[in-house]
Amino acid sequence: MSTPTPDNSPLPSEFVAALTREARAGLIFASRHDDSGLNSLDHQIIRSRILGVTRSGNGQPLVKVDSTGLGIDQKLFLERALLRHFDAHEFPEALIYFQKASSVSATGAAPAPVKRKNPYGLTIETRAIPGVKSVIVVASGKGGVGKSTVATNLAAGLAASGLKTGLMDCDIYGPSSPTMLGVSGSMGVDKGKLVPLEGHGVKVVSFGFLSDVKTPVIWRGPMVAKAIQQLCYDVNWGDLDILVLDLPPGTGDVQLTLAERLPITGSVIVTTPQDIALIDAHKAVSMFEKLDVPILGVVENMSHYTCTACGHQEHIFGSESFADFLKSRKLSLLARIPLTKKIRELSDSGSPVVLTGGDDAKPYKDLVSVVTTKISARKDPGDSVAAEAKELHS
Ligand SMILES: Nc1ncnc2c1ncn2[C@@H]1O[C@H](COP(=O)(O)OP(=O)(O)OP(=O)(O)O)[C@@H](O)[C@H]1O
Ligand SMILES: [Mg+2]
């Protein structure tokens, strides 16, 4: 690009076109050594922001930027990047003006945050996602027990039953539910909010959809907490009856952030009946109890295997410990799902088994109907389920 001479004449149209193009592609805001604390989600959100580029009376370039939905750190970063860009092209110092292109959020007014104390005595703010009626988290203590398979089938089944459903893949380090729903691509941005992709009638967001995410993601706790909140609040979910959250394994930053920030209607604990999985399931239950997240019940996954040749049923991961687990934690069984080849094959091919007609779909369909029943009685988010959970835990 040729270097324009600083004067009062309008900025060359080809420069303005290139600037807008590069801003849209994120090139202007890309930084190899980004020490601003912004993550790839921030970068995605600050794209496509330029509303107009002109020249002020004293010859300074004047850039109008859409500030809808931007935080202060995102604005500062964007301003610095634009100033650097004009400087590199030898213009006089640019003037960056922020204004809201749309003062009305796409999903209406944001619900007011509610202040409360967490179990450690710290004041935290809980804020509902605009337009989302119920939030269900699918969790486990141990990894690889079938959370994502349960979450995707639950979401696809809820959508098939006519409910407006979303799925948020909260696994930053190893997103897998998009593959199980057969969804791929990158999320766009509209009015400062990420636009979910869609698969089998479910609106899906995932870190796997961020085009500039390089694997593996290496983030520390505070960055993870911030990114997870962005996935909740910086997404144009529209109106949803239910949002299903597919959690990563364990009881770490993601679980803690979500339990503290979001009003969660109920949690679904997934475990295999194996002792080693149940030890971790106990920890997950204790965490939710401590954080006042209602527990809807437990899904026993890979409960048994039936030999396709002789019909013999084998409890590969045991069975007695699971019954003890339910009893000791006063939790109800939501579904018992066997280990089958078809479930594995359909998951890999992006076709949720719940949408098929066979025996393999039955436990997932039962899960959909029991979850629907449990959340439909509530008056306010979490109310009836919280009462039920209290009863179960008392
Ligand atoms: N009932 C089942 N029968 C057969 N295969 C299953 C069943 N449930 C899950 N799987 C398979 O087991 C593997 C692990 O499942 P999944 O990814 O859902 O677990 P996860 O708990 O989400 O794992 P992570 O902790 O890594 O997020 C997947 O390959 C999935 O297809
Ligand atoms: Mg998973």
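Which helices each supply at least two residues of the shell around ligand 1?

A: In this predicted model, helix 4 (147-160) and helix 10 (341-348) each contribute at least two residues to the shell around ligand 1. The shell comprises 21 residues, of which Gly143, Gly146, Lys147, Ser148 and Thr149 come nearest to the ligand. By class, the residues around ligand 1 divide into 11 polar, seven nonpolar and three charged.

The setting of this site is a protein chain with 12 helices and 17 strands. Of the 394 residues in the protein chain, 41% count as buried. Among its contacts between residues at least 6 apart in sequence, 75% join residues that are at least 24 apart.

A helix pair elsewhere in the numbering may be described in the same terms. The axes of helix 8 (residues 275-290) and helix 9 (residues 320-329) come within 10 Å and cross at roughly 15°. Because angles under 35 degrees count as roughly parallel, helix 8 and helix 9 are therefore roughly parallel to each other. The crossing in which helix 8 passes helix 9 is right-handed. On the side of helix 8, the contact is made by Asp275, Leu278, Ala281 and Val285, and on the side of helix 9 by Ser321, Phe322, Phe325 and Arg329. The residues of this contact of helix 8 with helix 9 comprise five nonpolar, one polar and two charged.

Note on methods. Residues are numbered from 1 along each chain as its sequence is written. Chains are lettered from A and ligands numbered from 1 in the order in which they are written. This is a predicted model: local features need pLDDT of at least 70, side-chain atom pairs count only at pLDDT 80 or more; totals for chains, interfaces and linings use all residues. A residue is near a molecule or strand if its C-beta atom, placed from the backbone, lies within 6 Å of it. Helices (H or I, at least four residues) and strands (E, at least two) are DSSP runs, numbered from the N terminus. Ala, Val, Leu, Ile, Met, Phe, Trp, Tyr, Cys and Pro count as nonpolar, Asp, Glu, Lys and Arg as charged, and the others, Gly among them, as polar. A residue is buried if 20 or more other C-beta atoms lie within 10 Å of its own, exposed if 12 or fewer, and partly exposed in between; C-beta atoms are placed from the backbone. Two residues are in contact if their C-beta atoms, placed from the backbone, lie within 7 Å. Axes are lines fitted to C-alpha atoms, for helices over the stretch in contact, and angles run from 0 to 180 degrees between N-to-C directions. Angles under 35 degrees count as roughly parallel, over 145 as roughly antiparallel, 65 to 115 as roughly perpendicular and the rest as oblique. A crossing is left-handed if the near helix is turned anticlockwise from the far one by less than a right angle, and right-handed if clockwise.
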